Amino acid sequence: LYSKLQKAYPKSQACMRLPLDFTRSPPAFAAALDAYARSYVRKGVPSLFADLKPLCAEGAWSRVLFGEIVEGWVGALEATGAFPDTCEKEPPSTLMWARVLLAQYYDSCGDTAAALSQLDMAIGHTPTCLDLYLFKARVYKHAGHASAAARWMEEARKMDLADRYLNTKATRYLLRADCVPEAEATIALFTKDGGSTLHEMQCVWFELELAASYLRTGDYGRALKNFAHVEQHFADIGEDQFDFHTYCVRKMTLREYVKMVRFEDTLHGHAFYVTAACGIVDTYLRIVAKPARDAAAAAAEEAGGGLSVQERKKAESKRRKAEAKAKAEAEAQAKRDADA
């Protein structure tokens with residue numbers, strides 16, 4: 001059926017993409033993937049893997065086969081400058097985007113080292129391609145390295161200072177790395193009065209990320225304050241709707257009135273409100289549990305494990321030196337990665 005549709009509608013991308021979802025024959029899958037994805041790799045479409053990601057989901061039969069096919073592309077492009085089974089030379093950028101696709105595949109499989117290796121080679125090939133730095137930051141985020149992810153996202157932002165999307169992404173990544181001052185300075189570049197108007201603008205995502213950062217660092221007062229700001233925003237939204245009841249009936253915009261009423265029914269089920277409410281509950285629970293934890297820590301310290309005061313001081317000094325050394329090594333390694 002789809003073969004006939006492809007002949008009837010040769011420019012239809014849907015007719016080429018849909019067979020990949022239900023094809024169970026490896027040769028047929030490889031042929032369909034070649035027909036669909038090669039043109040996007042040539043054009044350098046960054047969102048290609050987002051379209052093909054369901055084929056690489058955990059448990060999908062095509063997961064391993066997909067990786068083998070893309071690895072074959074990269075190997076052939078490195079060796080001959082052309083895709084397998086063809087003699088047509090490809091532009092140099094094709095190899096770079098094939099590496100990006102392979103890196104995203106490795107990332108989805110949890111192979112962070114292989115993904116970073118492919119992205120490093122792609123960056124070495126074209127260091128001015130902004131998307132490569134975004135992908136590298138995303139790989140570090142998936143691996144749980146928030147500080148490294150924030151650093152690479154900041155590198156991407158600096159390549160285009162006028163891009164509001166990059167500014168937003170860099171701010172999010174900095175907050176997730178608990179770099180609050182840097183995040184506030186970054187978002188202030190696109191706001192008036194140095195970011196002091198974010199609360200008045202009801203910038204909910206920023207307040208949620210900021211509150212989560214404060215919660216992770218144990219600053220429960222500021223975390224609770226920002227979570228409460230989000231709750232207040234939704235209360236204001238609910239109160240603002242009262243003006244529309246008489247307005248919509250008077251102007252006979254009944255369709256919009258029904259939409260507004262339905263919106264009110266689901267207002268407190270919005271993801272932002274649920275996140276804020278759960279954050280408030282979590283913060284209060286931590287505040288209640290804090291005295292018990294402090295008492296337990298004080299008792300353990302008083303007991304000292306049978307050590308004298310001098311021995312405990314010496315052990316604490318060694319621990320601090322070890323933490324400082326580990327932090328310095330991590331920063332040095334991050335700097336070497338950035339220079340590379």
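Begin with the largest cavity, which holds about 60 Å³ of space; a cavity is a set of points on a 1 Å grid over the protein atoms alone where a 1.4 Å probe fits but cannot get out. Its volume is the space filled by probe spheres set on the points, which are joined across faces, edges and corners. The structure holds one cavity of 30 Å³ or more. This is a predicted model, in which local features need pLDDT of at least 70 and side-chain atom pairs count only at pLDDT 80 or more, while totals for chains, interfaces and linings use all residues. Residues are numbered from 1 along each chain as its sequence is written, and side-chain values use heavy atoms, leaving out hydrogens and water.

Select Tyr40, Val41, Gly44, Val45, Pro46, Leu48, Trp97, Val100, Leu101 and Gln104 to display the cavity lining; lining residues have an atom within 4 Å of a point. Helices H4 (26–43) and H7 (92–108) each supply at least two of the lining residues, and H7 gives the largest share, four residues. Helices here are DSSP runs (H or I, at least four residues), numbered from the N terminus.

The charged end of Lys43 sits over the ring of Tyr40, 6.0 Å from its centre; the criterion is NZ of Lys or CZ of Arg within 6 Å of the ring centre and within 35 degrees of the ring normal.

Next, select the largest pocket, with about 320 Å³ of space; a pocket is an open set with protein on both sides within 12 Å along at least five of seven lines. Of its 15 lining residues, Phe49, Ala50, Gln104, Phe135 and Arg138 are the closest to the centre. H9 (130–143) contributes the largest share of this lining, six residues.

Now turn to the aromatic rings, which form nine pairs. Rings of Phe, Tyr and Trp (its six-membered ring) pair if their centres lie within 6.5 Å, and planes over 60 degrees apart count as edge-to-face. Phe29 and Trp61 have ring centres 5.5 Å apart and planes at 70°, so the pair is edge-to-face. Phe29 lies in H4 and Trp61 in the loop between H5 (48–52) and H6 (63–80), so the pair ties together parts 32 residues apart in sequence.

Finally, select Trp205 and Phe206, an edge-to-face pair at 6.0 Å centre to centre and 90° between the planes. Both residues are buried.

Technical notes:
Phe/Tyr/Trp six-rings, centres within 6.5 Å; stacked < 30°, edge-to-face > 60°. Buried < 20%, exposed > 50% of the residue type's maximum accessible area, 1.4 Å probe, protein only.
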